Amino acid sequence: MHEPGIIQSFFLIFSGAALLAAAALFARQPFLIAYIALGALLGPHGIAWVENPALLEEIAEIGIIFLLFLVGLDLRPSRLRNMLGESLLTGLVTTSVFFGIGLGTMLAFGFTLPEALITGVAVSFSSTIMGIKLLPTTVLHHRHIGEMVVSLLLIQDLLAVIALLVLAGVGGGATGQGDAIAGLGTRLGLALGTLPLLGALAWAGVRWLLVPLLQRFDAFTEFVFLLAIGWCLGLASLAQAAGLSLEIGALIAGVSLAATPVAAYIVDNLKPLRDFFLVLFFFGVGAELNGALVLEVWLPTLLLGTALVLAKPPTFALALRAQGESSGASWEVGARLGQASEFSLLVSYVAGAAALIGAEAAHVIQGATVFTLIVNTYLVIFRYPSPIAPVARLRRD
């Protein structure tokens, strides 16, 4: 079959995404499962309608850049200050438990220590997309349960960002797993030395360039949109030129804008763009899934996914109960955070690209993540209020 160009590829991706999204609605599943399934179907390990490796890599890269830019925009200093206390302690304790589950499972199946460590990090987080999507906005966002869910997700997002920064420092310039580990000190030192300079430059650019422009022309939504995109891609390119990565630059671009008065406005206006690139990112994840390889590692994948689904809700519940929360609220928060994360997929992608983990380990992480997303969705929607609950008494917008 003739390899489709970018226009034909986008047609296949978004038309297919619309069809599978309809199926996901009937199945009471989040759209990201449909996007991953579509990538597996159309990608090189499926019917191979979109199989250009360079194109797939660029699709995933663009999706990651904008995903991290928008994560950075949510990391506002005021919200970070509010996370101190109960949510911070709960986040650190539970993350340690889930890290141990991932580490122990991979070591038990004979994976290398670096692969086990990275898997432990990857499965430590819960899905921000799922957690927020299944929260009824008019019922829970302004109540204590919603506040706990959002605070814990923000803490985990921050920990995930730190993990990605470390992986970028470890993997930069690596040609193999041994080279990546051996060069950790040098590359991580370079990254940590360059980051403050890039951060200072970003702060100065926002303070002396972007804020004055936004204050003068904020009535022109198209200009705000273009300025935000330009700032994201500009800092991403600058970070890459400085020896870091596009992803780190995009994250710094978002964080540098997070404290400005227009951050929430930018987030609202970029939501359609975020959704656009989320489709591309999760399609790219699905396209990387090799069915034959999944079958080879099905046992560790199934056991890891099952262990996470069973362990996450009670772990969160016990941690919250120990800090005085009610039993009902603690278990509901635990159930809503009882899955792996889109950051799990991102960590596997970044670690795989840096040759820190092999294809088998990457497939275990990705397969276990998808498993937890599917199973946990049903555990939530059949028990707690959500926008896609199957029964009327639980369905809340």
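Reply: K312 lies over the face of F98, 4.9 Å from the ring centre; a charge counts as over a ring if NZ of Lys or CZ of Arg is within 6 Å of the ring centre and within 35 degrees of the ring normal. This is a predicted model, in which local features need pLDDT of at least 70 and side-chain atom pairs count only at pLDDT 80 or more, while totals for chains, interfaces and linings use all residues. Residues are numbered from 1 along each chain as its sequence is written, and side-chain values use heavy atoms, with hydrogens and water left out.

The ring of F98 also pairs with that of F316: the centres are 5.3 Å apart and the planes at 55 degrees, so the pair is tilted. Rings of Phe, Tyr and Trp (its six-membered ring) pair if their centres lie within 6.5 Å, and planes under 30 degrees apart count as stacked, over 60 as edge-to-face and the rest as tilted. F98 is in helix α5 (residues 86-108) and F316 in helix α15 (residues 298-322), 218 residues apart; helices are DSSP runs (H or I, at least four residues), numbered from the N terminus. Both F98 and F316 are buried, where buried means under 20% relative accessible area, exposed over 50% and partly exposed in between (1.4 Å probe, protein chains only).

The count comes to 8 aromatic pairs. Among them, F14 and F276 are stacked, at 4.8 Å centre to centre and 15 degrees between the planes. F14 lies in helix α1 (residues 6-26) and F276 in helix α13, so this pair ties together parts 262 residues apart in sequence. F14 is partly exposed at 24% relative accessibility, as is F276 at 29%. Ring pairs link F10, F14 and F276 into a cluster.

Notes
Helices (H or I, at least four residues) and strands (E, at least two) are DSSP runs, numbered from the N terminus.
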